[in-house]
Amino acid sequence: MIFERIAIVGAGLIGASVALAAREAGAAGGISIYDANESVRQRARSLGFGAVFDDPEAAAAEADLVLLCVPVGAMAAAMGSVAPALKSGAIVSDVGSVKGAVIDAVRKLTPAHTFLVPGHPLAGTEHSGPDAGFAALFKGRWQIITPLDDARPEYAAAVEKLEAFWRALGAQVERMDASRHDVVLAVVSHLPHLIAFNIVAMAEDLESVTESEVVKYSASGFRDFTRIAASDPTMWRDVFLNNRDAVLEVLGRFSEDLAALQRAIRWGEGETLYALFDRARRMRREVIEAGQDTPAPNWGREN
Ligand code: NAP
């Protein structure tokens, strides 16, 4: 057991998965749950992955770890709702997909007798809500920890304890600076999502031209974008509003490269196209070799 009691604030996909994984791994003696949404609390009660409280302070009062699992834009409200009840020495962490903005919003609300250790599990699905949670979500996936510049001697031990917790849930843990995290995630997650949202929305606009053939023939590649684009709109709105600088930077580079591709197509520059596609294919091999995806053709689908 790593923590005697953990409190999870926000019982959606990630919060429910942490609760289920912690229970399975025996990483927490007790699990308290709070969600601002009453119907989510009711659902969490019937799913039975922790003791569900109607009051955030009551949920957080006895916890050694309070994990904020709410959308990035709601982190400050969630922190504010538990702050008065936090016990001395408690670790507060989060799972937000953006780190710089969350740290700015939450740090000033963190009581001096607690330790703020922000984090982000690089694990998720396109589903949300408590029913979407599952215990194996974090197995073999990365958990990024972005420790603060906190000189208190006990802070290092708090970081190590949180890392041990995520390892117990099956994650591989790595430390990173918050601003680096935000740039890396803009490349590997935020921009790919933005492109998927854009392609799917564009195809929907063209539906009247293509007479529903986009959906009919979607297995040609389009359906893989629809999976990413099915992700929760609140979560993604908050990601883009809160990681604006890094996303705009990466998007600028992407737009330039796209214009170069457009030009290569227009001028029939086959070698340019081939060289880029070949590089991209090698990247896919590297992703598989790093254990980040299955080598099965078409992701192991039967068709
Ligand atoms: P989710 O399934 O939508 O769950 C979030 C829950 O938090 C909802 O039930 C929401 O209620 C509740 N909530 C909102 N404000 C609250 C508050 N102030 N206090 C208590 N509860 C509150 O979202 P999720 O996918 O688990 O994502 C949670 C966090 O994890 C986000 O910060 C996201 O960036 C991060 N993350 C997500 C993924 C992913 O793939 N989904 C992966 C890694 C990290 P309402 O529905 O009523 O708003």
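This note sets out points on the predicted model shown above, covering its sheet, its aromatic pairs and its ligand site.

1. The sheet as a whole. Strands of a sheet pair through backbone hydrogen bonds, in either the parallel or the antiparallel sense. In this model six strands make up an open sheet, ordered β3-β2-β1-β4-β5-β6, and their pairing is parallel. The edges are held by β3 (51-52) and β6; each has a single partner strand, so one side of each has no neighbour in the sheet.

2. Strand β1 and its partner β2. Strand β1 covers residues 3-9, and five of its seven residues are buried, so the rest of the structure largely encloses this strand. Strand β2 (residues 28-34) runs parallel to β1 and is joined to it by six bridges. Within this pairing, F3 faces A28 of β2.

3. Strands β4, β5 and β6. Strand β4 (residues 65-68) is connected to β5 by four bridges, again in the parallel sense. On the other hand, β5 (residues 91-94) pairs with β6 over two bridges, also parallel. Residue I91 takes part on both sides: I91 is the bridge partner of L65, and I91 also stands opposite F115 in β6.

4. Cover on both faces of β5.

5. A pair of aromatic rings is described by the distance between the centres and the angle between the planes. The count of aromatic pairs in the model is six. In one of them, F115 and Y155, the ring centres are 6.4 Å apart and the planes meet at 50 degrees; this angle lies between the limits of 30 and 60 degrees, so the pair is classed as tilted. The two residues are 40 residues apart and link distant parts of the chain, with F115 in strand β6 (residues 115-116) and Y155 in helix α6 (residues 153-168).

6. Burial of that pair, and a further cluster. The relative accessible area of F115 is 9%, and the residue is buried because buried means under 20%. Y155 also counts as buried, at 3% relative accessibility. Elsewhere, F3, F138, F165 and W166 form one aromatic cluster; F3 is the residue noted above opposite A28 in β2.

7. Composition of the ligand shell. There are 29 residues around the ligand, and D35, N37, V70, S97 and G129 come nearest. By class, the shell divides into 18 nonpolar residues, 10 polar residues and one charged residue. Which elements supply at least two residues of the shell? They are α1 (13-25), α4 (75-82) and β7 (119-121). The largest share, three residues, comes from α4.

8. An N or O atom in the side chain of S97 lies 2.6 Å from an oxygen atom of the ligand. Backbone atoms also take part: a backbone N or O atom of V72 is 3.5 Å from a ligand oxygen atom, and a polar backbone atom of T125 is 3.5 Å from an oxygen atom of the ligand. On its own the ligand has 900 Å² of accessible area, of which the protein covers 82%.

Terms used: Residues are numbered from 1 along each chain as its sequence is written. This is a predicted model: local features need pLDDT of at least 70, side-chain atom pairs count only at pLDDT 80 or more; totals for chains, interfaces and linings use all residues. Side-chain values use heavy atoms; hydrogens and water are left out. A residue is near a molecule or strand if one of its heavy atoms lies within 4 Å of it. A polar contact is a pair of N or O atoms within 3.5 Å; within protein, one must be able to donate a hydrogen and the other to accept it, and residues adjacent in sequence count only if both atoms are side-chain atoms. Accessible areas come from the Shrake-Rupley method with a 1.4 Å probe; for residues, only the protein chains shown count as cover. Ala, Val, Leu, Ile, Met, Phe, Trp, Tyr, Cys and Pro count as nonpolar, Asp, Glu, Lys and Arg as charged, and the others, Gly among them, as polar. Rings of Phe, Tyr and Trp (its six-membered ring) pair if their centres lie within 6.5 Å; planes under 30 degrees apart count as stacked, over 60 as edge-to-face and the rest as tilted. Buried means under 20% relative accessible area, exposed over 50%, partly exposed in between (1.4 Å probe, protein chains only). Two strands pair if DSSP finds at least two bridges between them.
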